[in-house]
Amino acid sequence: MQKVSAIFTGVLAIVMVAGVAMFVGCQRDQGAIGLTGPAGSDGVAKCGTCHNVSTEVLAKQIQWSASVHATGGHFRSNSTACASCHTNEGFRATMDSGNMVAAPALIDNPTPPNCRTCHNIHQKYDLTDFVNSTTKPVKLMVSSTGATTNFDKGNLCANCHQPRLSKVTPYPTLNGDDLTIVANWGAQMASQAVILRGVGSGAFEIPGSVAYINSSHSTLVPNRCITCHMAPVRGDTAGGHTWKMTYLSSDGITENNYVAGCVACHTGLTSGVGKFDVNKVQTDVEGLIAQLKALLVTAKMLDTTTDRGLAGTFPSNKVGILMNYKLIEAEGSHGVHNPLFVKALLKNSIDYMKK
């Protein structure tokens with residue numbers, strides 16, 4: 001037994017010596033040590049410009065996560081025709097190319113509009129990363145005028161919140177020939193920029209008893225969309241990066257208006273249950289919308305249940321009036337964005353349909 005143990009010990013010693021020799025043999029001359037490179041910037045100081053101990057960035061991310069931009073789900077619309085607004089990647093590519101009509105290519109792995117859509121995140125690693133990705137005036141995509149709008153910081157919003165009337169065929173012209181339209185004929189639903197800019201922006205301004213003029217919202221509110229929709233935030237329910245103008249009560253059902261962005265001009269307003277019905281603007285506009293809808297239904301141009309346009313051949317002026325109805329109904333503010341202009345469109349359209 002002792003003999004076997006001695007043999008084992010000897011073999012183990014040989015293996016260990018061979019192992020050491022192997023590792024020693026693998027080493028080669030590593031050459032001279034290279035020059036020391038320049039000192040890099042302080043990573044903590046660089047990143048801390050934005051990612052500091054405050055919760056500001058986190059708060060904005062939480063607000064965004066409650067917004068329709070985050071939850072709308074339409075970023076699956078990643079084709080060249082849709083991606084320029086429905087995806088972050090398409091919007092940035094479109095802004096780079098200067099072509100707002102279509103994204104340059106189908107977007108792989110699309111993401112919804114997010115921080116990098118509206119801001120230059122991680123480009124200079126300083127506070128300029130939070131600057132808007134574009135503030136250039138926007139040439140609206142309309143067939144009649146090609147009007148340019150300048151909402152200052154709100155131009156970022158106007159790029160997508162417009163109805164792309166240049167894509168509408170056939171397009172109505174004043175006193176033009178009869179037009180044959182298909183079911184659900186009309187424009188992209190996001191019509192806010194055309195309504196807010198108002199006169200000469202592409203709506204069908206049929207002559208009538210009411211003059212086409214703009215309300216003060218169209219010209220006097222700085223940065224237009226931003227002032228009201230990004231008012232001082234209410235948690236993650238309204239204002240700020242939620243862009244919401246309403247919030248739900250604790251019952252989860254009752255809708256409240258949020259007027260933090262309105263009170264600078266409309267003193268005395270308070271947030272709470274109800275509408276943004278200053279001077280009964282929304283009440284009046286909703287009544288006019290209902291009247292015009294009834295007339296379009298009678299003319300067999302509108303489906304009374306689906307609220308969609310019906311196929312058929314109609315006078316060009318009436319097709320333009322159908323377009324007005326769709327623009328105003330889809331815009332969503334029920335007159336708030338530009339009361340005088342919207343009322344003129346509706347009243348003159350109603351009068352013509354009654355002839």
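Reader: Let's start with contacts. Which residues does Asn-88 touch, not counting residues up to four places away in sequence?

Author: A contact means heavy atoms within 4.5 Å. With residues up to four places away in sequence left out, Asn-88 touches Thr-111, Pro-112, Pro-113, Asn-114, Arg-116 and Thr-117. Before we go on, keep in mind that this is a predicted model, where local features need pLDDT of at least 70 and side-chain atom pairs count only at pLDDT 80 or more, while totals for chains, interfaces and linings use all residues. Residues are numbered from 1 along each chain as its sequence is written, and side-chain values use heavy atoms, with hydrogens and water left out.

Reader: Thanks! With which side chain does the side chain of Asn-88 make a polar contact?

Author: A polar contact is a pair of N or O atoms within 3.5 Å; within protein, one must be able to donate a hydrogen and the other to accept it, and residues adjacent in sequence count only if both atoms are side-chain atoms. Here the partner is the side chain of Thr-117, at 2.7 Å.

Reader: Where is Asn-88 found? And does Asn-88 count as buried or exposed?

Author: Helices (H or I, at least four residues) and strands (E, at least two) are DSSP runs, numbered from the N terminus. Asn-88 is found in helix α6, residues 88–97. For accessibility, buried means under 20% relative accessible area, exposed over 50%, and partly exposed in between (1.4 Å probe, protein chains only). Asn-88 counts as buried because its relative accessibility is 8%.

Reader: Now the core. Which residues have the most contacts inside the largest nonpolar core?

Author: A nonpolar core is a set of buried Ala, Val, Leu, Ile, Met, Phe, Trp, Tyr and Cys residues joined through side-chain atoms within 4.5 Å. The largest one has 44 residues, and Leu-165, Leu-292, Leu-296 and Leu-346 have the most contacts inside it. Two or more residues come from each of β3 (179–181), α9 (192–197), α12 (281–298), α13 and α14 (339–353). Leu-346, for instance, touches Val-285, Leu-288, Ile-289, Leu-292 and Ile-328, not counting residues up to four places away in sequence. Apart from this core lies another, of eight residues, among them Phe-91, Met-95, Met-141 and Leu-156.

Reader: And the rings: how many aromatic pairs does the structure hold?

Author: Rings of Phe, Tyr and Trp (its six-membered ring) pair if their centres lie within 6.5 Å; planes under 30 degrees apart count as stacked, over 60 as edge-to-face and the rest as tilted. The structure holds two such pairs. One of them joins Tyr-247 and Tyr-258 edge-to-face, 6.3 Å centre to centre with 80° between the planes. Tyr-247 is in strand β4 (residues 246–248), and Tyr-258, 11 residues away, is in the loop between β5 (255–257) and β6 (272–273). Both tyrosines are buried.

Reader: What sits over the ring of Tyr-247?

Author: A charge sits over a ring if NZ of Lys or CZ of Arg is within 6 Å of the ring centre and within 35 degrees of the ring normal. Over Tyr-247 sits the charged end of Arg-234, 3.7 Å from the ring centre.

Reader: Finally, the backbone. Which peptide bond is cis, with omega near -10°?

Author: Look at the bond from Thr-169 to Pro-170. Pro-170 has its place in the loop between α8 (155–158) and β3. Also look at Tyr-125, a residue other than glycine with a positive phi, near 60°. Tyr-125 is in the loop between α7 (115–118) and β1 (138–139), and counts as partly exposed because its relative accessibility is 39%. Asn-184 likewise has a positive phi near 60°, in the loop between β3 and α9.
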